[in-house]
Amino acid sequence: MADYRKMWEDLGMDVENHDLLCSVLPGAIGDVFLSQENRPEAMDYFDMVLADVHGLRPAELVEFKKNGGKVFGTFCTYVPDEIIFAGNGIATGLCAGSQFWVPGGERYLPANTCPLIKAMLGARFDRTCPFYRLADIYIGENTCDGKKKAYEILGTDVQMHIMDLPQMKRPKDIEKWADECHDLLEMVEKETGNKITPEKLAENIKKINAKRAALKRLYDLRKNKNVPISGTDTLLISQIAYYDDPERFTTMVNKLCDELEKRVADGVSVFPAGTKRIMISGTPMAIPNWKMHNLIETSGAAVVCEETCTGTRYFENFVDESGENLDEMVSNIADRYMKINCACFTPNSGRFDDIIRLAKEYDVDAVIDVNLKFCQTYDIEGYLLEDKLKEAGIPVLGIETDYTDSDAQQLKTRIEAFIEVLG
Ligand code: SF4
Ligand code: SF4
């Protein structure tokens, strides 16, 4: 990792504590990623981004801010990046996937809060993440109870803008969401001092759609009998999607897809023939949470699809590009985002339909439904999901876990037994 100490100090980070976090990264990259066989060459770019995760992109954001740019931190797949980029702002994901930040969050939150939320607060208040230091404004959203109350605590230390996400999908809810998107647009204009014109918004709708198209292309390649890329590598790409420059990211994913298409044509697979194909469904896996993919793919199965916010929920459905004025464009944006099926909604039968459709498209042998500990919405939804999957004849294993390794051995035993039963 290059030396970014001066930048971190200037950002007001606790550099000594941050060194502890950095010191475990090379080992983790070696164990989880570099130990895999026959990786695509174009993963080099994503490996490099990961190795310098707290350096490369933050340094770009520092330069951007020196020229008066505003950075907006986001926590959820429902926040429309198009609007932020259309105001010449930069959106960056602030999801937190490391156990390192959890104890810091527990100083503010009950222990029985999901680790993602605890890590969010730990990363902010411990001052050990440059992205949390760089974002000028955090955009929260009313999704689960834990997040919305945690945003109030974050609001004591940083400017927050909260989007009121409806939790049903009736026409009046979609209209309400369009209103919220308008409010976001006005806030971005005010904070950046830039007018969002129809031309700018149209351009950025296309830009973010192109990113979705690249991810869709990558995922479609995993539908092949010969799987050209591991689930672990694909997860890393989905995680990087949240904070990399969108145009560069799209170019690099398309470059990777060119290589993967050749692999498919040449019959190259990263897994032996007959390896069981698994789809993961459930809660998001924010960087650097690679726990389940690593456990599954070192237990003799292949992860070929993720129905998560670090998976299909992030890129499925495009924004209609035919809007001719700001109102139409914002309405098209609202429509697209309201097609995401998060367990915060009721009813949420669209998610069951998605999972069963994806299971067929990716020809999976089973679904592993992975939920973060203390995530009530996904945990409760798991009951009906298991029923629906059983009805559809798709084997399912439900797992609840956190960011620690304390249950890793036990989970591995369960996963191996599950794969064995699949025959
Ligand atoms: S799981 Fe729901 S609340 Fe969490 S990031 Fe995804 S859409 Fe947002
Ligand atoms: S995983 Fe569940 S509890 Fe945690 S932030 Fe997402 S929806 Fe909320």
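Modeller: Helix α11 (residues 198–221) packs against helix α13 (residues 246–266) at about 25°, and their axes are 9 Å apart. That makes α11 roughly parallel to α13. The model is predicted: local features need pLDDT of at least 70, side-chain atom pairs count only at pLDDT 80 or more, and totals for chains, interfaces and linings use all residues. Residues are numbered from 1 along each chain as its sequence is written, with chains lettered from A and ligands numbered from 1 in the order in which they are written.

Colleague: Which residues of α11 and α13 meet?

Modeller: Among them are I208, L215 and L218 in α11, and F249, V253 and L260 in α13. In contact means C-beta atoms, placed from the backbone, within 7 Å. By class, this contact has 13 nonpolar, two polar and five charged residues.

Colleague: How do you decide what counts as nonpolar, polar or charged?

Modeller: Ala, Val, Leu, Ile, Met, Phe, Trp, Tyr, Cys and Pro are nonpolar, Asp, Glu, Lys and Arg are charged, and the others, Gly among them, are polar.

Colleague: Why are α17 and α18 called oblique to each other?

Modeller: The axes of α17 (residues 349–361) and α18 (residues 376–391) come within 10 Å and cross at roughly 40°. That angle falls into the "rest" in the scheme above, so α17 and α18 are oblique. F352, I355 and I356 of α17 make the contact with L384, L385 and K388 of α18. By class, that is five nonpolar, no polar and one charged residues.

Colleague: What makes β2 and β4 edge strands?

Modeller: The open sheet has four strands in the order β2-β1-β3-β4, with parallel pairing. β2 (90–93) and β4 (159–163) each have a single partner strand, so one side of each lacks a neighbour in the sheet. On average, neighbouring strands are turned by 30° against each other, direction ignored.

Colleague: How do you know that β3 and β4 pair?

Modeller: Pairing needs at least two bridges found by DSSP. Five bridges join β3 (residues 137–141) to β4, so that passes the cut-off. I139 stands opposite H161 in β4.

Colleague: And the ligands: what puts a residue in the shell around one?

Modeller: Its C-beta atom, placed from the backbone, has to lie within 6 Å of the molecule. Around ligand 1 you'll find C76, C144, C309, C342 and C344, among others. That shell divides into eight nonpolar, three polar and no charged residues. Ligand 2 is surrounded by residues including C114, K147, C375 and Y378. α7 (115–125), α9 (145–154) and α18 each give two or more residues to that shell. Its classes are seven nonpolar, four polar and one charged.

Colleague: Where is P288, and what kind of peptide bond joins I287 to P288?

Modeller: P288 is in the loop between β5 (276–282) and α14 (291–297). The bond is cis, with omega about 5°. The peptide bond from T346 to P347 is cis too, with omega near -15°.

Technical notes. Axes fitted to C-alpha atoms, helices over the stretch in contact; angles between N-to-C directions. Parallel < 35°, antiparallel > 145°, perpendicular 65-115°, else oblique. Contact = placed C-beta atoms within 7 Å.
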